[in-house]
Amino acid sequence: MTSPAKADDEVVIPPRPQPRRGVSFRDAGPPIALVVIVGIFSVLSPDFRTVGNVQNILDAAAVLAVVTCGISFVLMMGSIDLSVPGVMGASAIAVALLVANNRNGNDWGLLGVLVAVLLGSALGCLSGMALVTLKVPSFMTTLGVSAVGLGVATLLFSGVQPNISDEMLRSWAVSRFLGLAYLTWIAVGCVLVGWLVQRYSRLGRYAYAIGGAEEVLSLSGVKVAPYKVAVFTLAGSFYGLAGVLVTSQLSAGLVQAGKGYDFAAITAAVVGGTLLTGGRGGVLHSAVGVLLVTVLTNGLVQIGVSPYWQGGVQGLIVVAAVSAAVIPQRRRNQVTK
C-alpha cells in the first residue's frame, strides 16, 4: 500500500506537446516541390543544370518577384489586386518620358525612377481609398484603377513609343554583378524589404490580422481602413518599380508593360503558400512560388514541351496548390465558399 507521503512526493509529468505536423508540412511543401522539380528537370535535360541556365532562371524571375512582393501583402489581407497591368503601364511610360529618351529633352535619371514609383504608389493608394470608401469587393475597385492607369499610360504614349537612351537605366538589364543582372539584385532587395516590413512592422502584422479575423481586430479598437489603404499603397510602389524594370529590359516604355503580370503574380503567390483567403503565407512563401513557376516554365522549354501544353501544366499545378491549401480549412469549417 502506498503511503500518503510517497503519493505526495510523486511528480506527474505532463505529456510532451506534439508538433503541428500539418502546418509545418504545408509550409515545407513548396520548397520541397521546388527541389523535386529541379531534380527532375536536371535529369531530363543536361542543359537545365548549367550555370548559365540557372542565371537565366533567376534573371527571368526578377520582375515577377517584385510584383509578387506587392501582391502578397494584398493577399495576406484576403483581398485581390487586379490593378497591376495599369499601374505598371503608367509607371513604364512615365519613367521612359522622364529619363533620357527620343521624345523630349528630359534627363531626370534616378529622380525619374522615383517619380514613376511614386505614381505607382498613388494609383495603389487610389485602389485602397476606393475599397474602404465604396465598400465594394477589391477585385472590382482594382480593376477600375487598372483601367485608369492604362488610360494615363495611353495619354502619355500619344501614339509614339518612347525609347530610352539613359545609360544608367539600361545598364540595370545588361550589366551584371556576381553573374546576375542588376535587375535580379534589385528583386532580391525587394524581397528582403518586403519580408522585413511583413515581419517587423505594424503594417505587416495587421495585414495578417485583417486577413485572419478583421472583425476581431476592429473590435479591439484598431482602425482597419488606414492599414488597408497603406497596404495597397505599398503594393502600388512595388508595381511601379516593376514597370521601371520592364522599361529597362525593353529599353522602351510600353502601355502593355504589365500585361499578364497580375495573374502570374497571384499564381506564384498561391503556389508558394499564400492563401487567397488571407491570414497565411507571406513574401518568402510567394518568392518560392515565383521560383517554382519560373523553373517550371524554363524546364518545360528545355525538355521540348510544346508551348500549348505549358499553360495547361501550369494551370494543373495551380489547381493542385489551391486544393492542398483549402482542403484543411473546409474540413474545419464544413463550408464551401
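Start by selecting two sets of side chains: Val63, Leu64, Val67, Thr68, Ile71, Ser72 and Leu75 in α4, and the residues they meet in α12, namely Tyr261, Asp262, Ala264, Ala265, Ile266, Ala268 and Ala269. Contact here means heavy atoms within 4.5 Å. Helices (H or I, at least four residues) and strands (E, at least two) are DSSP runs, numbered from the N terminus.

A word on what's loaded: this is a predicted model, where local features need pLDDT of at least 70 and side-chain atom pairs count only at pLDDT 80 or more, while totals for chains, interfaces and linings use all residues. Residues are numbered from 1 along each chain as its sequence is written, and side-chain values use heavy atoms, with hydrogens and water left out.

Now show α4 (residues 62–76) and α12 (residues 261–272) as cartoons. Their axes are 8 Å apart and the packing angle is about 70°, so α4 runs roughly perpendicular to α12. Axes are lines fitted to C-alpha atoms, for helices over the stretch in contact, and angles run from 0 to 180 degrees between N-to-C directions. On that scale, under 35 degrees counts as roughly parallel, over 145 as roughly antiparallel, 65 to 115 as roughly perpendicular and the rest as oblique.

Next, pick α9 (residues 182–200) along with α11. This packing has an angle of about 175° and axes 11 Å apart, and the two helices are therefore roughly antiparallel. On the α9 side, select Leu183, Ile186, Cys190, Gly194 and Val197; on the α11 side, Leu234, Phe238, Leu241, Leu245, Ser248 and Gln249.

**The cysteine stop**

How many disulfides does a search of the whole structure find? It finds 0, with a disulfide being a pair of cysteine sulfur atoms within 2.5 Å. The sulfur of Cys69 has its closest cysteine sulfur in Cys190, 6.0 Å away, which is too far for a bond. Both residues are inside: Cys69 is buried at 2% relative accessible area, and Cys190 is buried at 7%. Buried means under 20% relative accessible area, exposed over 50%, and partly exposed in between (1.4 Å probe, protein chains only).

**Rings**

Colour the aromatics next; the structure holds 4 aromatic pairs. One of them is Phe177 with Trp185, an edge-to-face pair at 5.8 Å centre to centre with 65° between the planes. Rings of Phe, Tyr and Trp (its six-membered ring) pair if their centres lie within 6.5 Å; planes under 30 degrees apart count as stacked, over 60 as edge-to-face and the rest as tilted. Phe177 is partly exposed at 47% relative accessibility, and Trp185 is partly exposed at 32%.

Then jump to Tyr206 and Tyr227, whose ring centres are 4.7 Å apart with planes at 85°, so this pair is edge-to-face. The pair links distant parts of the chain, with Tyr206 in α10 (residues 202–219) and Tyr227 in α11 (residues 224–250), 21 residues apart. Tyr227 is partly exposed, at 22% relative accessibility.

For a ring with a charge over it, select Arg199 and Tyr200: the charged end of Arg199 sits over the Tyr200 ring, 5.2 Å from its centre. The test is NZ of Lys or CZ of Arg within 6 Å of the ring centre and within 35 degrees of the ring normal.

**Loops around α7**

Which loop holds Asp166? Look between α7 (138–157) and α8 (167–174). Asp166 is buried, at 7% relative accessible area, and touches Val99, Ala100, Asp107 and Gly109, not counting residues up to four places away in sequence.

Most residues other than glycine have a negative phi. Lys135 is exposed, at 68% relative accessible area.

Leu131 is buried at 10% relative accessible area, and its C-alpha is 8.3 Å from that of Lys228, 97 residues away along the chain. Among the residues that Leu131 touches are Ser79, Thr141, Lys228 and Phe232.

**Zoom out**

The protein has 14 helices and 2 strands, and 44% of its 337 residues count as buried. Of the contacts with a separation of 6 or more, 77% come from residues 24 or more positions apart.
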